[in-house]
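Student: I have a model open and want to learn how to read it. Where do we start?

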Amino acid sequence: MEFIAPCHFGLEAVLKKEILDLGYEIVSVEDGRVTFAGDENAVCRANVFLRTAERVLIKAGSFHAETFEELFQGTRGIAWENYIPKDGKFWVAKAASIKSRLFSPSDIQSIMKKAMVERLKTVYHQSWFAENGASFPVRVFLMKDEVVVGLDTTGESLHKRGYRKLTAKAPIAENLAAALIMLTPWQRDRILVDPFCGSGTFPIEAAMMAAHMAPGANRSFLAEEWAHIVPRKSWYRAMDEADAGVDRTIKPDIQGYDIDDKMVAVSRENARLAGVEDMIHFQRRSVEQLSHPKKYGFLITNPPYGERLEDKEALPGLYRMLGERYQALDSWSMYVISAWEQAEQYIGRKADKNRKIYNGMMKTYYYQFMGPRPPKRKAEQNAGGKREPFSPQI
């Protein structure tokens with residue numbers, strides 16, 4: 001089978017590496033999604049282990065369509081009976097169209113649903129469907145009149161790990177936070193501090209990575225009900241693999257600070273729900289108090305962007321202070337995601353790298369300030385300089 005894994009625009013390379021690390025072949029990489037090949041076990045393993053994907057779709061078909069008639073015929077030509085049983089509940093959950101003649105999502109959804117019904121009427125020899133069984137939502141992408149149709153195996157987006165019951169005003173999505181950490185050379189034996197931790201997403205995702213905890217291990221997926229496509233034993237195997245991989249002996253140095261006592265309490269509760277509360281130190285601390293005695297640490301953070309006018313007035317001082325406190329940290333690296341165009345100006349230096357990333361519809365920049373590499377330890381030198389492979393920079 002072929003699978004489609006959508007992701008945030010600008011983070012396709014991170015997701016591609018994750019999929020390769022799971023052992024699957026990449027078919028194509030396009031803006032906002034990666035297509036790969038695998039068997040029915042890939043449905044389970046991709047949903048359970050991928051940190052940066054939005055969801056996992058089975059690619060049901062693709063075709064060219066410039067008219068609604070071509071859309072209807074192309075959709076009816078897909079072998080829906082291979083996926084949807086007689087009692088299946090099916091609908092087109094989302095339609096996205098870019099640079100295509102067909103651009104109305106509601107019309108695309110309506111016509112495709114009719115085409116699916118017509119196909120299944122012919123196959124199942126019935127004129128009406130109760131649709132009271134398992135759910136089979138369909139997602140469709142149109143790009144320059146090329147239609148790609150996928151069956152959603154995930155349900156609720158993969159960024160919903162299940163641990164974040166309480167959030168900050170503008171929380172960063174869990175899968176985006178994970179991808180941004182993966183874009184750094186941070187490893188679990190290095191210090192990580194988020195001085196604007198909000199609901200704790202960066203520290204929690206880092207702790208889960210450090211302990212090799214699968215992001216989807218504590219949630220359910222739509223395709224668990226699709227026993228005719230994915231055997232139950234495949235889900236059991238994926239969950240057993242996830243459980244066996246967890247390292248609970250690790251004691252990383254991960255810290256989260258926030259100026260708001262309530263947010264510190266929220267972060268601690270979310271960390272408890274994620275099972276990593278003993279791996280993170282959360283503390284009420286303002287950015288003016290940011291300091292650390294050790295070298296070669298990492299600041300990874302999502303500071304305020306100034307979405308509201310009254311917040312925007314405080315941004316120059318906030319970013320200036322962040323830059324000053326970073327300057328005082330010896331040999332550290334700093335990674336900042338922000339939609340504020342003047343971030344570098346007030347931080348006080350130009351980023352070594354700057355990556356454009358779309359956080360939903362919002363254009364943001366990932367400013368990367370690189371510190372020096374730490375010296376090799378004697379044990380590493382004796383082993384030929386080898387270190388545990390973890391989150392290499394992309």
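Student: Which side chain does the side chain of H8 make a polar contact with?
Tutor: This is a predicted model. In it, the side chain of H8 makes a polar contact with that of E54, at 3.4 Å.

Student: Where is H8 found?
Tutor: In the loop between strand 1 (2-6) and helix 1 (12-21).

Student: Does H8 count as buried or exposed?
Tutor: The cut-off for buried is under 20% relative accessible area. H8 has 9% relative accessibility, so H8 counts as buried. Beyond four places in sequence, its contacts include A173, N175, L176, Y358, N359 and G360.

Student: Now the sheets. How do strands of a sheet pair?
Tutor: Through backbone hydrogen bonds, either parallel or antiparallel. Here, an open sheet of 7 strands has the order 2-3-1-4-7-6-5, and its pairing is mixed.

Student: Which strands stand at the edges?
Tutor: Strand 2 (25-30) and strand 5 (89-98). Each has a single partner strand, so one side of each lacks a neighbour in the sheet. From one strand to the next, the twist averages 30°.

Student: How many bridges join strand 4 to strand 7?
Tutor: There are 7, and strand 4 (residues 57-64) runs antiparallel to strand 7 (residues 146-152). H64 has E146 in strand 7 as its bridge partner. Helix 3 (residues 68-76) packs on the sheet and touches strand 4 and strand 7. Its direction makes about 135° with that of strand 4.

Student: What about a parallel pair?
Tutor: Take strand 9 (residues 254-258) and strand 10 (residues 280-284), which run parallel and are joined by 5 bridges. The chain crosses between them through helix 8 (residues 261-274), in a right-handed β-α-β crossover.

Notes
Residues numbered from 1 in each chain as written. Predicted model: local features only at pLDDT ≥ 70, side-chain atom pairs only at ≥ 80, totals over all residues. Heavy atoms only, no water. Pairing = 2+ DSSP bridges. Helix = DSSP H or I, 4+ residues; strand = E, 2+ residues; numbered from the N terminus. Right-handed = clockwise from strand over helix to strand, strands pointing away. Buried < 20%, exposed > 50% of the residue type's maximum accessible area, 1.4 Å probe, protein only. Polar contact = N/O pair within 3.5 Å; in protein donor to acceptor, adjacent residues only side chain to side chain. Contact = heavy atoms within 4.5 Å. Axes fitted to C-alpha atoms, helices over the stretch in contact; angles between N-to-C directions.
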